4 protein chains.
Amino acid sequence: MQSESPAILSPTQSDLLSRFKHVRATTEKLCAPLQTEDYVVQPVVDVSPPKWHIGHTTWFFEEFVLDGNLPGYERFDPQYAYLFNSYYEGVGKRVVRTDRGNMTRPSVEEVYQYRAYVDQQLECYLQEHSLPAEVAEKLELGLQHEQQHQELLLYDIKFILGGNPLFPPYRARKAAKEAAQPVGELQFLPMEEGVYEIGWGADTQSADAQSADAQSADAQSADAQSADAQSADAQSADGPGRRGFCFDNELGRHKVYLQAYAIADRLVTNGEWLEFMEAGGYRYFRHWMQEGWQWVQEQGIQAPYHWHRIDGQWQRFSLHGLEPVDLQEPVTHISFYEADAYAKWRGLRLPTEQEWEAACRKHSPAPPAYANFQDSELFEPAVRSSGNRQFWGDVWEWTGSAYRPYPYFSEAPGPVGEYNGKFMINQMVLRGGSCATPRDHIRASYRNFFHPQLRWLFSGLRLAKQL
Amino acid sequence: MQSESPAILSPTQSDLLSRFKHVRATTEKLCAPLQTEDYVVQPVVDVSPPKWHIGHTTWFFEEFVLDGNLPGYERFDPQYAYLFNSYYEGVGKRVVRTDRGNMTRPSVEEVYQYRAYVDQQLECYLQEHSLPAEVAEKLELGLQHEQQHQELLLYDIKFILGGNPLFPPYRARKAAKEAAQPVGELQFLPMEEGVYEIGWGADTQSADAQSADAQSADAQSADAQSADAQSADAQSADGPGRRGFCFDNELGRHKVYLQAYAIADRLVTNGEWLEFMEAGGYRYFRHWMQEGWQWVQEQGIQAPYHWHRIDGQWQRFSLHGLEPVDLQEPVTHISFYEADAYAKWRGLRLPTEQEWEAACRKHSPAPPAYANFQDSELFEPAVRSSGNRQFWGDVWEWTGSAYRPYPYFSEAPGPVGEYNGKFMINQMVLRGGSCATPRDHIRASYRNFFHPQLRWLFSGLRLAKQL
Amino acid sequence: MQSESPAILSPTQSDLLSRFKHVRATTEKLCAPLQTEDYVVQPVVDVSPPKWHIGHTTWFFEEFVLDGNLPGYERFDPQYAYLFNSYYEGVGKRVVRTDRGNMTRPSVEEVYQYRAYVDQQLECYLQEHSLPAEVAEKLELGLQHEQQHQELLLYDIKFILGGNPLFPPYRARKAAKEAAQPVGELQFLPMEEGVYEIGWGADTQSADAQSADAQSADAQSADAQSADAQSADAQSADGPGRRGFCFDNELGRHKVYLQAYAIADRLVTNGEWLEFMEAGGYRYFRHWMQEGWQWVQEQGIQAPYHWHRIDGQWQRFSLHGLEPVDLQEPVTHISFYEADAYAKWRGLRLPTEQEWEAACRKHSPAPPAYANFQDSELFEPAVRSSGNRQFWGDVWEWTGSAYRPYPYFSEAPGPVGEYNGKFMINQMVLRGGSCATPRDHIRASYRNFFHPQLRWLFSGLRLAKQL
Amino acid sequence: MQSESPAILSPTQSDLLSRFKHVRATTEKLCAPLQTEDYVVQPVVDVSPPKWHIGHTTWFFEEFVLDGNLPGYERFDPQYAYLFNSYYEGVGKRVVRTDRGNMTRPSVEEVYQYRAYVDQQLECYLQEHSLPAEVAEKLELGLQHEQQHQELLLYDIKFILGGNPLFPPYRARKAAKEAAQPVGELQFLPMEEGVYEIGWGADTQSADAQSADAQSADAQSADAQSADAQSADAQSADGPGRRGFCFDNELGRHKVYLQAYAIADRLVTNGEWLEFMEAGGYRYFRHWMQEGWQWVQEQGIQAPYHWHRIDGQWQRFSLHGLEPVDLQEPVTHISFYEADAYAKWRGLRLPTEQEWEAACRKHSPAPPAYANFQDSELFEPAVRSSGNRQFWGDVWEWTGSAYRPYPYFSEAPGPVGEYNGKFMINQMVLRGGSCATPRDHIRASYRNFFHPQLRWLFSGLRLAKQL
């Protein structure tokens, strides 16, 4: 089964160079609205200072690509490895994670100098040398890694600004918000019982299930086929992800057996969430995991993160500043505990990650052009457009699956092997990307993961049920 | 698929009565070696005072069976519900869990009086009334519940005595320990790719996989078929578990697709564990989950729980007192983190719970007569006998599966619905029962679960690998 | 100034023997009402299991008196030193303090066997050998030490029983409670400015202040002179304390200069405390130390410890069980923070320990016969009798003085030097003894001390003000 | 006794204006070497971000001087009160202390704009209105308050930079360090038994003690009289403190009786501290407070704060960067626990605050010209010059006195009453000022106070003994 070719195909170096420039420039563009002070702080352990992201993504290229590969390369400052290593035990000591927000030096300016130095060295390397395949793979990994940090940067910036009593906006909306259209009733997309292929490189479905399913291709999915598919990259079975790249945790294409189920055709909205709140959802234990209920009580949780009750109205902090809660928008900044309790309150459940992936491959195999990713520069979830099933973008969807290895999973040798595997405990999988995800970073097989109590990310939910 | 009949068949009342007497008497027999003082303390939050177990299992019958059902029933003491409720939010307030070990009253004697009162009332109820089906089901649940607490009692007693610098034995060995036979090399039992049925009431395998597998039925499994099967309850596809009972978390027989794999034919031994320790297993980060490594360092973990380095030798506290570590015995009192790190160090992995169940159904569908359960009164894992695959008894086997609901899982209405579902987060599944499990309490579909850092239970591991 | 003779005079051995028997028997009598279970638990770190007190006071004699002194003495069990050492770093390792409540063995019966063994050995020692002076001093110290533990035993028993939802009484009142007489208005006893002597062996006052004071000896103190003095031990300038003994922290008789002040003629009552509560005393920050206010808010403090609001009424748990709060009784189980806030709310303050001692030496130099000590076997504070200034017994009085060394303080050499000195930080001094203090254990110079947030002791307060 | 005139005399407004400008400019000068990033962080709860100090000292003037007093005054931003209130419960809610380091907005630039606005308004107020006496007093309090924050700023800057692995200097030394002269043997200055006056406005000694002392004025103190006194402000019995100002905690001039004692003529040096370290001072429990010993073990304390063992040598981080430890300099950055343990190890003790004050008034009634204060811009303790008794400047001296109110202490009405009184628990008094203290801010009666485990301040010690 484990027959896919090596995960990281070697693109041409010129492709790599142009991608490198683009990704690095994007990070800097995302930081452009920040003031120097915003770069420095770490309000909670999960949030890293933007300055640290800038340095850490740079260090990744220095440590894994340049050092020892580019002949004559000298590190910008040997102490920076200590400052900007995140969690790689294999490459030495590092500033403890809780201390990142205490490091006022190097200054923001110096970190950007470090960044410029590494960029210039790496561009030379790409232009003047032929990179061995394994170095090119590390470089590709570095780019994917930096895209992940772009997303974290947006979460962290939102957390830093949103925790400030002045509620400063990150930047103004590019266009005035239009009056929201009423989102229609939730529909369920049925999925047939059978064997499905899961993981990077998977076909949509195994033969049997596919043929069965073909017969049930009904009017309900017709608009999806016209709408969602219009921008589909026909070359890629895995959506818009860079052809050839996936993380190790997606590898091991394999079969799963799914019992018949149905999955909602859109995300849960703020309006639906308010019904839960008004029905006492946060005050009654019955729908909660025991650890979730304890968390709700200890933390005094009463609403999604970034929601504030001001003058009798629910407002939410967005990257555009405080705004009234929009009932049509997908709910976001909720924990797994909240998503799970909500689903139970509705008498439903979350889909597993396999159910999500199979349904996505069937109903929205590639993101439609209007999907709301980082590239849209909206930076908040959008109201569902007509026909949009929202499998892609807007908010990461909590699934009911714990983050555990796929059957053929094995860690890469060396420090990069610490990338994913060592986190496969006590976390839950999320799928689909968000308004902070770069469009070319996501795929149907992409597995994101967070602890069940976290909610500073753009997280939301889609409902499912057994048939 | 979800077609099984109601989980709890109504046995005759006379059966129930004799089972009730047996289970209740067994609990008291397990407590017989205790001194009054041993009943009272709670050294850590996970360990409950034996007195509390005695009262809590009694309260369960009073709360869910007698109260409101037996005409004219009066509670022994209305305040006991507050004292002996464990975690049922639905039936009122309770002593916070961390305070159980501070309750010196009611005294041990008074708790036994309470127990006798409820026993006498319940026996009357059974003898003089016809129990409605749903009450009989609650009674059966109460018996299963008490058997679970018997097992916890043994863990807790071992923890309480083993944390005392005097290392007092719980009771002497019934027979002198025999010289251990060398346990042979680890063999792997191959399992074919295909669809398997999982959950209570499942057949061993689906038709296709079964036929494929039939062809590969090799010599290796022959001894298992002769040895393990000799005491098999031919009536029960689920092993020796009481026909008709399972917990809600086992329900929803369903199909899974397993890629080809192999599973070890026995448990990992103390001798093999010592090799890991001597190779620096506890000092090198590479094989550990990130949270496991943090746990190892913060807690200073260097060996399984209950192991002590005394005069240059490893001894382990057993319920028979301090004894030298026996290299042939299965290792026990290890956390999931340790089991997982050990497997990675060997270049292998833990089986998933589905893999475990499928292999168990094939290679040892029912526990052999010599399997080491609570009924053996050894109360410690035993060295593997010839042919014994140790799927049953000795130690609970950590699997690689997070404890999450099966596809058709739904919680029972009312307070008993809190039994399993609300714990399905941040815990890992264990399979197979232990030397502290009553033989008639276990089945192939039985799902035990604990947090990954816990190790006061009789936990161990079996290795697996992909083929 | 430091001219007093050695603190511990050598009494005759026969005196010592009879005192030894009396003190040891008293401890056992105090424990007589306990059930075995009550002996074992440690609900909070400050509360030790009664079993531990029984063993620890015994160990003190074994460690410091018998071992190495009584020829041929063999320890009852060498491991007991590890189990029953409290905090003496100088005599080896010990069970960590928070683990005392997890030690179910040795059993209560075995600890009493240990106790009997040491008693028998020590009685032999006293009867058959001539004790060197320094050994006799350690023996005397051991008796004083055991009397301190008698008092702690009563606090701890009250805490253990009072934290149980069944509120079991320790024992019934010896006599029915009489209707309380209204306690009269608070009067203030004036004290002249001048130099006073403080510490063990101090005269009441220096010459100058005394003569000045003599002139102001007014009618107000007359009843005290008649009432309080009637049972005064004329031989002892330091009250009823055993002639010749004091703790090292009382040594160094020295002069202090007190500005003119006045001190209340009785303790603050429950009725007065209720006024504070009803005026919002626990809800308004203004009268609280900053750390006290934080403590009130974090712990949700709303009333003295052991008070419970039941059916709209304030009840308090006493060693006789739950009883309505008696408005005439001295308030007790309050922290320093509460005492201090109350005094400020009244526009007054607590006396310093020097002010307390000077006033006590003048107005009530020795405890009156009717003072309420442990010997009364009431075990709760009593309503003030006519003329009783309550300097002695009932409740320990928080003073405004931090527990710091007197000018000539020096620690004894050897492990007993750890007795007092190392605790002289972050604690406040209390004076006067309580209903749990043995009458022959207290003196005017006696310095008790606790952390400012503690309140499981019999603590109360007396008001003072500057003149 | 409480006869002194109101603590804060009204200086002329022109004096106030020039002082206002000077103090405000000094704060900004102290911050000049900072980079923007350095202004933002709060590595531990006791350290505030420099930006917060800049805003908080400004808010103090806005809140207590301008608002409600200057006609027509409008706050710069009403939300700033919430951001920059420190601990005044009486003036509304505030950012919790642990969150100060998470506030990236207002930016440093905006906080300086706020500062400029308040400065400009306050200067107008002083130039164009006649300030009521109580407002002028608040203004004076604001200036003293800002001087205290100047000192804290230097501690906090040192902590922030010293915790960075790059060890960036705050600024270079103004002059190269001279080779240290050997500091001579410690001498003890004897002090006669008797009554002394303590507190603001106190004469050196009471008549009796003074005359006695006059006879013992020996050669030993002669150099002090010539050296230390040369710059003495003959007008002020309280040293160089602004005539007329003291904090409420110094008020209540009163008499104390001191037994004969002697006090060291200089501070303990780094060289003497190294002897303690090399003798195992941090590894042996005997000289430590019990809570201090626990702190040493839990925190792994092995040397003063800011000391680092690098390549086998002790270096210390100073505001000039990393430097070798200078054996002649006074030791600094030690906790009370360490100071107390050191003194006991030497068989000596710390002076009480009263002993310190009496000795200072006698031997060095006013700071000599060469005393090392903030004004010297050395910002680190200096080696003792000939004749300098170091009562003034260099390092705050831990005394053996707990911080408690003086006899006549009363809190001011209104929010400023929260200034000192509510901290009088669990803290120890320090005396004499440091290299970070403005020269015109200190006096003989000045009482500084910190918790016994803190050591990020410039703290040191002077030894004493009983005679």
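Between chain B and chain A of this predicted model, 12 residue pairs are in polar contact, both residues being at pLDDT 80 or more; a polar contact is a pair of N or O atoms within 3.5 Å, where within protein one atom must be able to donate a hydrogen and the other to accept it, and residues adjacent in sequence count only if both atoms are side-chain atoms. The model is predicted, and local features need pLDDT of at least 70, side-chain atom pairs count only at pLDDT 80 or more, and totals for chains, interfaces and linings use all residues. Residues are numbered from 1 along each chain as its sequence is written, chains are lettered from A and ligands numbered from 1 in the order in which they are written, and side-chain values use heavy atoms, with hydrogens and water left out.

**Chain B against chain A**

- The elements of chain B that give two or more residues to the side touching chain A are strand E3 (254-258), helix H9 (290-299), helix H10 (336-345) and strand E8 (396-402), helices (H or I, at least four residues) and strands (E, at least two) being DSSP runs numbered from the N terminus.
- That side of chain B divides into 20 nonpolar, 11 polar and 12 charged residues, where Ala, Val, Leu, Ile, Met, Phe, Trp, Tyr, Cys and Pro count as nonpolar, Asp, Glu, Lys and Arg as charged, and the others, Gly among them, as polar.
- In all, 43 residues of chain B are in contact with 43 residues of chain A, contact meaning heavy atoms within 4.5 Å.
- The area buried between chain B and chain A is about 3400 Å², and carbon and sulfur atoms give 54% of it; buried area is the accessible area (1.4 Å probe) that two parts lose on being put together, summed over both.
- There are 2 salt bridges between chain B and chain A, a salt bridge being a side-chain nitrogen of Lys or Arg within 4 Å of a carboxyl oxygen of Asp or Glu.
- A salt bridge joins the side chains of Glu411(A) and Arg286(B), at 3.1 Å from N to O.
- Glu291(B), which is placed in helix H9 of chain B, is in contact with Ile425(A), Asn426(A), His451(A) and Tyr337(B), leaving aside its neighbours within four places in sequence.

**Chain D against chain A**

- This contact takes 28 residues from chain D and 28 residues from chain A, and the area buried between them is about 2500 Å², of which carbon and sulfur atoms give 57%.
- Glu37(D), Arg105(D) and Leu166(D) supply 29% of the area that chain D buries against chain A, more than any other three residues.
- The interface of chain D and chain A has 2 salt bridges, and Arg105(D) forms a salt bridge with Asp38(A), with the closest N and O atoms 2.5 Å apart.

**Within chain A**

- Glu329(A) lies in the loop between strand E7 (321-324) and helix H10 (336-345) of chain A, and Glu329(A) is buried, with a relative accessible area of 2%, where buried means under 20% relative accessible area, exposed over 50% and partly exposed in between (1.4 Å probe, protein chains only).
- The side chain of Glu329(A) makes a polar contact with the side chain of Arg316(A) at 2.9 Å.
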